[in-house]
Amino acid sequence: MSLLLSRLSRLCPGKPSLVGRSSYSLLISNGFSSSLLQTAPGFVVRANPCGEGLGKLLFQKNTESWFTHLEKKVPLELVDRDEMGTVGSCNGWVATLKDDGILRLQDDLNPAASHTHPKHIPLPPLVTLPHCQTQIITNVSMSSSSPEDEDCVVAVKFLGPQLSFCRPAQSKPEWTNVKIEDPYFFSSRVMFSKKDDMFRIPGSGGNLIGSWNPNKHKNNPKIQRLQYQNLPKLTKIKRELLDLCWTSEHLVESRTTGETFLVKWFRKTSRRLALMKTKALMVFKIDEEGNAVYTQDIGDLVIYISKSEPFCIPASSFPGLDRNSVQIVDVDEYGAIRLHDSSIFSHNIRFGAPYFIPPQNIDQV
């Protein structure tokens, strides 16, 4: 966790150092090493204004304690801390929704994408189903790494009952809209399961998982009921604390091991800062029968939870990653949870683009 502690001290100047350092100077590198085949996972810290409403990206790689200063210029509205200009992210693409009602997928924040020719892909005008809304988006998911892939399906989960699918690479793309009947899914987030080739949504509370294949059972999702096992023993004080927390459920799949995990994230508003602070995080391994087994050991894996679609990679794939951990970033918090002893390391800090970006192929530049 030493890298994380060092990063926290740099992200939060003026706070006591967690690693005993008194210097908070910003260390800058000149970009990503061309010797690597992929960029390390990380997120955009901010954009430094450079004129004409643009800013140069400052990127935090999860493998280093310093920031990477990119030459890539992006509209400052995409990283605005006061009024987020994006509504979701997946695989390094961010989604924007403006007053014209057009959802656009953009690679502006992708550190491996071209800084001179950013891609902006408009999707068809949104269609609002009866008794639904399409102004507030919960999150965005994709079935492949790029919406330009011929078979890529983009899923958009709106707050409420509507779930919409689109194939952007088709000659005449259009929306396939689903009205979800079960209110347990209304505020939940969608993810794509490569193993099952379906989009999956955990129900609020984590007792159900719904799976949708827009080509086969658009209006009849597969429902899996979870049976929790090996639950942690909590003290009365801990139980009372968790009862006061805002809880979110996140499904994440390991492409390397084929395992599926449900992450329960417990956060509570800090009285002093009026910001959300992580109080606990639990990981459950889900099997085909719906058994949800609490675990403090995910082996070599690292789970990334943010406003982007969650992902999971082997720590051994990048030197410097913390195995058996969960990395978190939200609009007002950044940190990590060490699973074997449930230790939480985090700071409250505002982000305008709280999206973890998974490893990207550098040859895409």
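pLDDT is the predictor's confidence in each residue, on a scale from 0 to 100. Colour the protein chain by it: the average is 89, and 89% of the residues score at least 70. Now select residues 14–35, where the pLDDT is below 50; beyond near neighbours in sequence, this stretch has 45 contacts in the model (a contact being heavy atoms within 4.5 Å).

Some housekeeping before moving on. This is a predicted model, so local features need pLDDT of at least 70 and side-chain atom pairs count only at pLDDT 80 or more, while totals for chains, interfaces and linings use all residues. Residues are numbered from 1 along each chain as its sequence is written, and side-chain values use heavy atoms, with hydrogens and water left out.

Next stop: strand β15, residues 208–212. Strands here are DSSP runs of E with at least two residues, numbered from the N terminus. Are its residues buried or exposed? 5 of the 5 are buried, so β15 is largely enclosed by the rest of the structure. Buried means under 20% relative accessible area, exposed over 50%, and partly exposed in between (1.4 Å probe, protein chains only). Show the side chains and look at both faces: Leu208, Gly210 and Trp212 are buried on one side, Ile209 and Ser211 on the other. In a regular strand the side chains alternate between the two faces of the sheet.

β14 (residues 198–202) runs antiparallel to β15 over 4 bridges, with Phe199 opposite Trp212. The two strands make a hairpin with 5 residues between them, and Gly205 in the turn has a positive phi of about 95°. Then pick β16 (residues 222–225), also joined to β15 by 4 bridges and antiparallel; here Leu208 stands opposite Arg225.

Now for two asparagines. Most residues other than glycine have a negative phi. Select Asn91, in the loop between β5 (88–90) and β6 (93–97): its phi is positive, near 55°, and at 24% relative accessibility it counts as partly exposed. Then jump to Asn324, in the loop between β23 (311–314) and β24 (325–330). Phi of Asn324 is positive too, near 55°, but this residue counts as buried at 7% relative accessibility.

Last, the cysteines. How many disulfides does the structure hold? It holds 0, taking a disulfide as a pair of cysteine sulfur atoms within 2.5 Å. Cys50 is partly exposed at 34% relative accessibility, whereas Cys132 is buried at 15%.

Note on methods. Two strands pair if DSSP finds at least two bridges between them.
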